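Dear colleague,

Please find the structure below, handed over for your review. The findings follow directly after it.

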Amino acid sequence: MREEATAGPKKGWQRWVTLVARLVLGLTLMIAGALKITSIDAAINSVRAYKLLPFEITWLVGTALPIVEIVIGLMLVTGTFTRIAAVLGSALMLAFIIGIISVWVRGISIDCGCFAPGGAVDPSQTQYPLEVARDVGLLLLGVWTIWRPTSVFALDAWLFAAAEPTTVDDQENLR
């Protein structure tokens, strides 16, 4: 009989919470990236609408962002290098929150371009509080995953299984 030493009944639920956290954040990033990668020009224009970066850099950011989102999303969904992916995903969410609050404070009316081509919109069409709340929620999922990166159905468990003992039997075999 094998018992898990590090994932007893009290910690077993944390592995499931981490699974949900990395799937929600990962799938959100993958969907956002997939929607942008099919129209790179719109993604570049969305970055330019924030008026935060020099014009020359917006091309690079708008082109790279969808790819970065998809890669980080895939890492989170598969549970590969989970903590690193969670740090990167959380950093993206923090950058998005700062960007949205920045345009909100400066009175710029844009669609965030998170899941659709962004750009100027009528002030009545902005949804900054909702967008910030959504991204804060996703940031919290990322922070949870950084704190508790171990989860079920993660490739990390398979890739790094031999690196450290995870069961009582494994620990007893090392004695």
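Trp104 has a relative accessibility of 41% and therefore counts as partly exposed, since that class lies between the limits of 20% for buried and 50% for exposed. Please note that this is a predicted model. The relative accessibility of Tyr128 is 5%, so Tyr128 counts as buried.

These two residues form an aromatic pair, with 6.0 Å from centre to centre and 40 degrees between the planes. The pair is classed as tilted, because its angle falls between the limits of 30 degrees for stacked and 60 degrees for edge-to-face. Trp104 belongs to helix H4 and Tyr128 to helix H5, so the pair ties together parts that are 24 residues apart in sequence.

The count of aromatic pairs comes to 5. Another of them joins Trp16 and Phe153: their ring centres are 5.9 Å apart and their planes stand at 80 degrees, so this pair is edge-to-face. Trp16 is found in helix H1 (residues 9–37), whereas Phe153 is in the loop between helix H5 (128–147) and H6; the pair therefore ties together parts that are 137 residues apart in sequence. With a relative accessible area of 46%, Trp16 is partly exposed. Phe153 has a relative accessible area of 65% and is therefore exposed, the limit for that class being over 50%.

Ring pairs also link Trp13, Trp144 and Trp147 into a cluster. Trp147 has a further contact, in that the charged end of Arg148 sits over the ring of Trp147, 4.2 Å from its centre.

I turn next to the surface. Which residues form a nonpolar patch there? They are Phe81, Ile84, Leu88, Leu155, Trp158, Leu159 and Phe160, and together they have about 720 Å² of accessible area. Helix H4 (82–106) and helix H6 (155–159) each contribute at least two residues to the patch. The largest share, 3 residues, is supplied by H6.

Is Ile84 buried or partly exposed? Its relative accessibility is 48%, so Ile84 counts as partly exposed.

Yours sincerely

Technical notes:
Residues are numbered from 1 along each chain as its sequence is written. This is a predicted model: local features need pLDDT of at least 70, side-chain atom pairs count only at pLDDT 80 or more; totals for chains, interfaces and linings use all residues. Side-chain values use heavy atoms; hydrogens and water are left out. Patches are made of residues with over 30% relative accessible area and no salt bridge: like charges are joined within 9 Å, nonpolar side chains (Val, Leu, Ile, Met, Phe, Trp, Tyr) within 5 Å. Accessible areas come from the Shrake-Rupley method with a 1.4 Å probe; for residues, only the protein chains shown count as cover. A salt bridge is a side-chain nitrogen of Lys or Arg within 4 Å of a carboxyl oxygen of Asp or Glu. Helices (H or I, at least four residues) and strands (E, at least two) are DSSP runs, numbered from the N terminus. Buried means under 20% relative accessible area, exposed over 50%, partly exposed in between (1.4 Å probe, protein chains only). Rings of Phe, Tyr and Trp (its six-membered ring) pair if their centres lie within 6.5 Å; planes under 30 degrees apart count as stacked, over 60 as edge-to-face and the rest as tilted. A charge sits over a ring if NZ of Lys or CZ of Arg is within 6 Å of the ring centre and within 35 degrees of the ring normal.
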